[in-house]
Amino acid sequence: MPELQVNGSTVNVNDEGFLMDPQEWTEAIAVELARIENIELTERHWDVIKFCRSDFAETGKSPGVRRITKVGGIPTKDMYSLFVGGPGKLAAKISGLAKPTGCV
């Protein structure tokens, strides 16, 4: 199983780089996962990440783009510019969550 080293701690990730245990997530891990994806996190990224984490805590599922835009109030255009190449997948990954249902 692949591992990710962050600030002297080791966390397990799957073959696609998603955390195996969402409870191990920290902001430092988010920064490292974003760095791996060539994303420099801005306050707007953190808005999405905080929504994803909160929604996961309530529902037990990773929110997809539709839920993030409709319930989280993040415009679709913003999602695609913040998380280029797969907004639902990248938002979930950086938020320490599993890949949302329906993401390729």
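Helices (H or I, at least four residues) and strands (E, at least two) are DSSP runs, numbered from the N terminus. On that basis the elements of this chain run β-β-α-α-α-α-α from the N terminus on, which gives five helices and two strands. The model is predicted: local features need pLDDT of at least 70, side-chain atom pairs count only at pLDDT 80 or more, and totals for chains, interfaces and linings use all residues. Residues are numbered from 1 along each chain as its sequence is written, and side-chain values use heavy atoms, with hydrogens and water left out.

**Confidence**

- The chain has a mean pLDDT (the predictor's confidence in each residue, from 0 to 100) of 93, and 96% of its residues reach 70 or more.
- Helix α2 (residues 43–59) has the highest confidence, at a mean of 97, and strand β1 (residues 3–6) the lowest, at 85.

**Overall dimensions and surface**

- The radius of gyration, taken over C-alpha atoms, is 13 Å.
- Along its principal axes the C-alpha trace spans about 35 × 25 × 25 Å.
- The accessible surface (Shrake-Rupley method, 1.4 Å probe) comes to about 6,000 Å², and 49% of this belongs to carbon and sulfur atoms.
- Of the 104 residues, 43% count as buried, meaning under 20% relative accessible area, with exposed over 50% and partly exposed in between (1.4 Å probe, protein chains only).
- Taking contacts (heavy atoms within 4.5 Å) between residues at least 6 apart in sequence, 46% join residues at least 24 apart.

**Charge**

- There are 12 positive side chains (Lys and Arg) and 14 negative ones (Asp and Glu), with His and the chain ends not counted.
- The centres of the two sets lie 9 Å apart, where the place of a charge is taken as NZ of Lys, CZ of Arg, CG of Asp or CD of Glu.

**Helix α1**

- In helix α1 (residues 27–36) the buried residues are Ile-29, Ala-30, Glu-32, Leu-33 and Ala-34.
- Asn-38 follows α1 and has a positive phi, near 60°.

**Thr-69**

- Thr-69 is found in helix α3 (residues 65–70).
- The relative accessible area of Thr-69 is 14%, so this residue is buried.
- Apart from neighbours within four places in sequence, Thr-69 is in contact with Ile-74, Pro-75, Thr-76 and Met-79.

Notes. Rg over C-alpha atoms; globule rule 2.2 N^0.38 Å.
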